Every structure is written in C-alpha cells, then in structure tokens.
Amino acid sequence: MSFPWAQQYEPKYGLTKFLDEKLPLPRLVYNAVGAGYPVPRNLSYFWNFGVLAGFCLVLQIVTGVVLAMHYAPNTLVAFDSTEHIMRNVNWGWLMRYAHANGASAFFVVVYIHIFRGLYYSSYKAPREMIWLLGVVIFLLMMATAFMGYVLPWGQMSYWGAKVITGLFGAIPLVGEGIQNWLLGGFAPDNAALNRFFSLHFLLPFVIAGVVILHIWALHIPGSSNPTGVEVKKESDTLPFHPYYTAKDGFGLGVFLIIYFAFVFFMPNALGHPDNYIPANPLSTPANIVPEWYFWPFYAILRAFTADFFFVPAKLMGVLAMFASILVWFFLPWLDKSPVRSGHYRPLFRKFFWFGLIPAIVVLGYCGGAHLSTTTILLSQIFTAYYFLHFLVILPIISLIERPEPMPYSITEAVLGHDPDSKLGPKPTTASPAKA
Amino acid sequence: MIRIFGILTGLLFTVAVLWSFIVDTGAAISEPAPETAEEKYHLYPKGPEGGFAHEGLFAKWDTAQLQRGYQVYKEVCSACHSLRLVAFRNLGEIGYDEGQVKAEAASWQVPGVDPNTGEATMVEGSPTDYFPKPYANDIAARAANNNAIPPDLSLITKARHDGTNYVYDLLTGYREQPAELVEEFPEAKTAEGQYYNPFFHSLNISMAPPLTGTGQVTYGEGNPEPTIEQMAEDVTAFLAWTAEPTLVKRRQTGWAFLLFLVFATVLAYFSKKQVWARAKGGDVGEASVKED
C-alpha cells in the first residue's frame, strides 16, 4: 500500500522492462526505499537510525561470514583460532574488531531507534505490528550477541554462558533439565560452543527475515513523524529518494566516523579484559559481567535479592529480567493517549526524560559495576521505577494528561501555515519541526 | 483489561524488588560490610612517567626498545612465563633481519623429534616455531611457583584493566608491606613465599621481584642503563607488542579510513543540503517534487 500520490515506477530500458515483467524487483526497491515511497517531510535525524540498524546488520553478517571462515568452534582451539585471526589472517584483526565493535554499534543504534519509538509513541495504532516485530528483532539480537560473545572462549565467554544458561535453572521443577538441554551437558563445553556457533550463524538471517517483515509492516501505514500527526495529503510528504536517501547518506557518514574511531583507535574499550584470558572452568572471575548493552537488564536480574513469599529471589530476578523486555510488547495497549508525540505530552515528557532515561542509565551503571551494597540498592530503586513507569505510570498519565495544542498537519508544522487548516494558522509554540 | 493486568503485574514486581530493598537496607545498617585490606591499599596503575613510546594517536613502535624488552623477556621472564602465541618469525616485525631472526630462533630449545630415532627431544628453534613453554604442564608450573601458575604473557597487556600501565607498575611496585596494614588486617599479612605488591589485586603476589637492578641484563651499546624502571618499561613495551602486534598498522589504517570518511561525509552533507533546498521555501506542492 502507499499513498495515492506516490510516484509510479516506469521502466525505461529494455532490461528494466524485462525485469519488471518477470520479477519486478526494481519496482519493489523503488517502492520500498526509492522515489515511490512518500515519507513525512518533517522527520528529524532520529529517523535515521532504522536505516543505520539495517546497515549494522549487513556489516555484522559480512564481517561474521569472513570470521567464520577462519574460526574453529572447538573448546580446544577456539581461543587460539581467534588469536590466529588477529595475528596471522590478512586483515583478520580488522574483521574481528569491526565485528566486535559492530555489535556494540548495532546496539547503540537500535537503542536510539527504540527510544525514539518510545518518545514519539511509534508503537501506537496503526503501527502496532511494526513495534511488535521490532521487539522480536531486539530479542533475537540479544540472543545472537550473547552467543557470539561465547565464541572466543575467553573467561567472560565461559562464565557468561554459565550464568545466562543458569538463569533457566531457576525455573521450578524443569529448570535444571532445560539448562542441561540448552548446554548439551552439565556445564558449558564443546557441545554448547558448537551449538552456539551454529545458532550465532543462523540467527542473523532470521533477524534479516524479521527485518523484512518489519519494513513491510512499516510500508502499510507509512513512517511516523515527530508531530505524531498522520499524513493527510501530498504536501505532507516527500519521496524517500532523493530526500531521505541523501539525509541517510549523511547520517551514515557520521555514524561510520564514530564507529571506525572505535574500531581503529580504541577497539577494546567496550570489551572486558578477562576475555583475553582463555576460558578456565576452575577459576571464577572476580566480577562476571555481560557486555555493556546487557547491563540494565543484568542490574534488574541482580536487584532481586530476597525471597518474595514462596518465590525464590533468583526466580523473581529471572522473571523480572524477561518481563522488563516483554513489557514492551504490551505498550500499544498500555498507553492509551490519543496523542503520539512526546512533544505535545507535558506529563509524559517529564516522566520520560526525568524518570525512564535516568533509571536506565543508573541500571546500566549498576549492571556493569562491581557488586556492592550501593549498586544493589540503586538497582532496586530504579528497577522499581522501571516497572512502575511502563506498567503503572504510562497507563495512568494517558488518562489524566492534557495534551498541548498540535499542528493541524505536517505541512503546517513545517511551514507554519496550511491553507487546508480550517482553524487558520496556530500559535506554533509547541511545533517541534525544523527549529 | 490489559491495563488492569499490567498495573497489577507492575505492582507485583515493584513490591517484590522493594521488599529486597528493605531487606538489604536492613542488613546494610545492622551489619555493614567491613572494609577489606584490598579496598584500602590497592593502587591503580599509572604507568611510567611520560608514558610509553608507542602511545599516542600517531606513535610508532620504538623498535630499539622492543628489542631490549625482548632481551629482558628472554633473559628474565621466560624462565617462568610462556609466550605461546608468538612465533620467532614475528621477531622480524621488531627490527631484526632474516639472519638475526634465524639466529635468535636457534638460541632457543623447542620440543621436536629426533630425526633418527623419532623420539621426542628438544631441538634448536627455527623461525616458524613458537616460543617454548618453560614448564611441561600446569602441575609442574604450580609446583615450582608456590602453587601459582605464571600466566602466559602473549596477551597480558590486554588481559588486565589498563594492562600496559599495570604490567609496568606491577614490575616496579614491590615494596615493604606497611606496618599499619598488618596491624589493621592481620589476615592480609604477606605469607611465606609471597611478596607485597599493592598493584596486584590481592596485594600479595607469588612472583618474586623479577627485576633486581643493574647487572641483571646487559644492553648493547648506545642503549640506556638497564635500571629496574628502564627494564620494566622495555619489557612492558615488548609485551604490548606481543599482545597487539598490529597496533601501529591499525592506527595508520584508521587515519586513512577516517580521512576518507570525513571527506565523504562532508560531500554527503552538502548533497543533502542541495537536495533539501528544493523542498524548502514554501513551495511544497507536487511541482517542487516531481520535477527531478
């Protein structure tokens, strides 16, 4: 589907005409990311991150496939084969650092993409399905990243695998069985490493599949925009190409500069030094921590320290950690405010900037830090806030909040006036577009 | 319905985590965690004054220093520490020519096979061989070192927090254990066969001070005096190289990448500006869009 004023693909040459008849791939691309896709004209740079996430996925698949040509998924040689890549394979160090930092870059980009969706309530009708598929992609990314981190078979790989699979052991009755089944043994060993490698290779392609669904679902209602006002007419939109291809091109350049600054000048800044020590089941690291992108969830896991009635603390922590992401699935139905954009929601905006964001930053800090009384108590307070925010505050403010005046249309938001607006020009104090 | 269910779930998790909070706060007040000797006396590494020659965005390896560091490793560290990820051929990267690499390799005994009998024996190293291990196995390593295995040094500067500075400070950080430490934490007293070193995580390390001073290693002519600090800096630089032999190449490649990217991004910025100029200025209708 598209807007009726979308430009139509017209093959000009023999080859494109031939293709369009037999397999209209050029038409598909034209309508997906070409001139045939009308996009709201007021998108800010926060709307660049979807394309960047897609780029990261391709980057990870390309570097990952090359790494897999040299890596050996066997506990005896996995660590050394990684070092072989670093030392002996031509440009192997670049491939590995690009892949390891590519994972971090992917999560940075996806987190910004998710929080953009949260702030502008991109999950609301008619875009629920896009959001749900996005959460699925995020869950798949987490699984993929976790298994990828196990592959070098360093100390953090091993102990991370042990802790995370151990979470399933908290499930009553069947937990231990599930844990052993996942690992293919009683502790992480060759069976676990082999299946993690297999799944780490497979899942990115599953992600790619869900990304296609995500984009497909996006093209049904079309992109959201910073005002949250739906597209009404042609003057509200611009064709994706050349406007947003140009804008995304610039955004990609900025992204690559930052990304390669990490790859070339501080490639180990985001990693843990213990992973340069080969895995040793007999020596437990002083502080077992996952990669930074899991820290907030890890803090939630560790926040539950006391048994709650008949529920053991560990089980409660595991449930809370999974629930902290699963709650995103329900957002479209928890937040009933008819206004999408946080720009026009004074109460929502306050809780977003002064509640949710600090909570996640503090949880992230606590999840990565050495366990201490302070970090535990902090994680407990902010874990409480995290759940309150999504499950209690959001539903309640969507009932009591009085939204600020909104522009009649995207055209009005951009130009300050819209001839079609029955009310005439509005005071544009709340207009977010093109400051 | 979903919202009622959601609010109840949210309250459940909140109450559960706040219950943990109350329990933990109570515990922290009634029995606060005692301060440990490690918390009070552990020092974080600073590294040598002026830093290392290879540090900095444009810096290169000081090959003379790496060669001195190699000498220190060979004559001091290699008695207990392996360097299993490095091959003799790699020495060609720190300024030795082919003949010197062969000679260096030949000065080491590596495990091999007697060509006449087929029995395992030690043979002269060749450039393709890797640095040999000083102990036959972990048990032998433990037995000879107060029950502590000397770690492999190939990656040591990447396998510790702030590793390069850490190795330098560890090598130069041995000292008398402060009397007030023993007074306050009697159980942290340096045991027999251990040595006090505040840069080590547990403060007491099983490695005897490896660098003892002038006379231990003789540097060739034109090189600085082999003081403890000098040897520590040299061997640390050498170990920084073994951990990351591609460091300098990486930075140089990085500059090429970044220069190109900045150039391309500036171009992208101006093309974006030019493209968008068409959409600005009020003429939002189809005319402004469909022309191109």
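**A close look at A:L347**

Modeller: Setting aside neighbours within four places in sequence, A:L347 is in contact with A:I397 and A:E401; two residues count as in contact when their C-beta atoms, placed from the backbone, lie within 7 Å. Bear in mind that this is a predicted model, where local features need pLDDT of at least 70, side-chain atom pairs count only at pLDDT 80 or more, and totals for chains, interfaces and linings use all residues. As for labels, residues are numbered from 1 along each chain as its sequence is written, while chains are lettered from A and ligands numbered from 1 in the order in which they are written.

Back to our leucine. A:L347 sits in helix α14 of chain A, residues 346-368. Helices here are DSSP runs of H or I with at least four residues, strands are runs of E with at least two, and both are numbered from the N terminus.

Now zoom out to chain A. Its secondary structure comes to 16 helices and 2 strands, and 48% of its 435 residues are buried. Among the chain A contacts with a separation of 6 or more, 74% join residues 24 or more positions apart. The C-alpha trace spans about 75 × 60 × 40 Å along its principal axes.

Last stop, the partner. The contact between the two chains takes 53 residues from chain A and 53 from chain B. On the chain A side, the elements that each supply at least two residues include α4 (78-87), β2 (237-239), α12 (313-326) and α15 (373-400). The biggest giver is α10(A), with 14 residues. By class, that side has 39 nonpolar, 9 polar and 5 charged residues. Nonpolar means Ala, Val, Leu, Ile, Met, Phe, Trp, Tyr, Cys and Pro; charged means Asp, Glu, Lys and Arg; the others, Gly among them, are polar.

Note on methods
A residue is buried if 20 or more other C-beta atoms lie within 10 Å of its own, exposed if 12 or fewer, and partly exposed in between; C-beta atoms are placed from the backbone.
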